[in-house]
Amino acid sequence: MKLTVFGASGGVGREVVRQALDAGHEVTAVVRDPGRLGVPAHPLLLIATVADLTDADALLPVLAGRDAVISALGAGTNKKAKAAPVTGPAAGAILEAMGRTGVRRLVVVSAAPVGPDVPEDGVLTRTVLLPLLRRALRDLYADLAVMEAVIAASDTEWTVIRPPRLLNKPHTGRYRRVFGGNVPGGRSIPRADVADALLLAVAEPAYVRQTVGISA
């Protein structure tokens, strides 16, 4: 499969690139700074530099002829709560460029707090901890919510993956998932397992037009 990966130099994106190459996929890794990718040269890897992800014209060359797009522009992309929106504006440009190049499949990473509360998590989590987190990172989650809304309104074959707190731990391939909601008691997950979930979703028809909560 020929994949384009946005946010390829981030923690999740780098893992997506590595795992995709290991699986034999041809990968176009879209970055602003090639020096930050941190993935060894590979015959199936093409590194593309795009300075402005909101410019659909600039995205056409990295999408033409691709089978699917994975966006790792998500919760780990911008750690400052008051920083300018990233994922929402980029989603619009990516979708426009996909439409112009005929690419149909899109899988993106979002974040668990953008999704619904889980009744099993208890009153403290739902009424105190989550509201505090959402307030502290309100601009970040608002940006992700815009991204999700833009994607859901499109006619692409999309999937949104919502992980909780991301950890720098080894790839296990063992994690829970909930379609249309979040995982009860979901607190964290390795970035490498988020990458696993993104790549799995690309090839699974059951994931099309679904939001999927994941957690260790």
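**Notes on a sheet, its helices and its salt bridges**

1. Helices (H or I, at least four residues) and strands (E, at least two) are DSSP runs, numbered from the N terminus.

2. A word on what you're looking at. This is a predicted model, where local features need pLDDT of at least 70 and side-chain atom pairs count only at pLDDT 80 or more, while totals for chains, interfaces and linings use all residues. Residues are numbered from 1 along each chain as its sequence is written, and side-chain values use heavy atoms, with hydrogens and water left out.

3. Now the sheet. Eight strands make up an open sheet with mixed pairing, in the order β3-β2-β1-β4-β5-β6-β10-β8 (two strands pair if DSSP finds at least two bridges between them). The edges belong to β3 and β8 (176–179), each with a single partner strand, so one side of each has no neighbour in the sheet. On average, neighbouring strands of this sheet are turned by 20 degrees against each other, direction ignored. For angles like this, axes are lines fitted to C-alpha atoms (for helices, over the stretch in contact), and angles run from 0 to 180 degrees between N-to-C directions.

4. Have a look at β6 next. Five of its six residues are buried, so β6 is largely enclosed by the rest of the structure. β5 and β6 run parallel and are joined by five bridges; Val 107 has Thr 159 in β6 as its bridge partner. β6 also pairs with β10, again in the parallel sense, over four bridges. Helix α5 lies across β5 and β6, running at about 165 degrees to β5.

5. What stands opposite Val 160 in β10? Thr 211 does, a residue of strand β10 (residues 210–215). Thr 211 is buried, with a relative accessible area of 18%. Leaving aside residues up to four places away in sequence, Thr 211 touches Trp 158, Val 160, Arg 162, Val 178, Phe 179, Gly 180 and Gly 181 (contact means heavy atoms within 4.5 Å).

6. Over to the β3 side. β2 and β3 run parallel, joined by five bridges, and Val 30 stands opposite Ala 48 in β3. Helix α2 packs on the sheet here, touching β1, β2, β3 and β4, and its direction makes about 145 degrees with that of β1.

7. Which residues of helix α2 (residues 56–63) are buried? They are Ala 56, Leu 59, Val 62 and Leu 63. Seen down the axis of α2, these fall within an arc of 105 degrees, so they line one face of the helix (the arc is that of the directions from the helix axis to the C-beta atoms). The buried residues of α2 pack against β1 (2–6), β2 (26–31), β3 (45–49), β4 (68–71) and also α3 (87–101). Just after α2, Gly 65 takes a positive phi of about 80 degrees.

8. Back to salt bridges: a search of the whole structure finds seven. In one of them, the side chains of Glu 15 and Arg 18 meet at 3.4 Å, N to O. These two are three residues apart in helix α1 (residues 11–22), so about one helical turn separates them. Arg 18 is partly exposed, with a relative accessible area of 33%.

9. Asp 117 and Arg 134 form another salt bridge, with their closest N and O atoms 2.9 Å apart. This pair links distant parts of the chain, 17 residues apart: Asp 117 is in the loop between β5 (105–109) and α4 (123–136), and Arg 134 is in helix α4. Asp 117 is partly exposed at 33% relative accessible area, and Arg 134 is partly exposed at 23%. Finally, Asp 57, Glu 96 and Arg 100 are linked in a network of salt bridges.

Terms used. A salt bridge is a side-chain nitrogen of Lys or Arg within 4 Å of a carboxyl oxygen of Asp or Glu. Buried means under 20% relative accessible area, exposed over 50%, partly exposed in between (1.4 Å probe, protein chains only).
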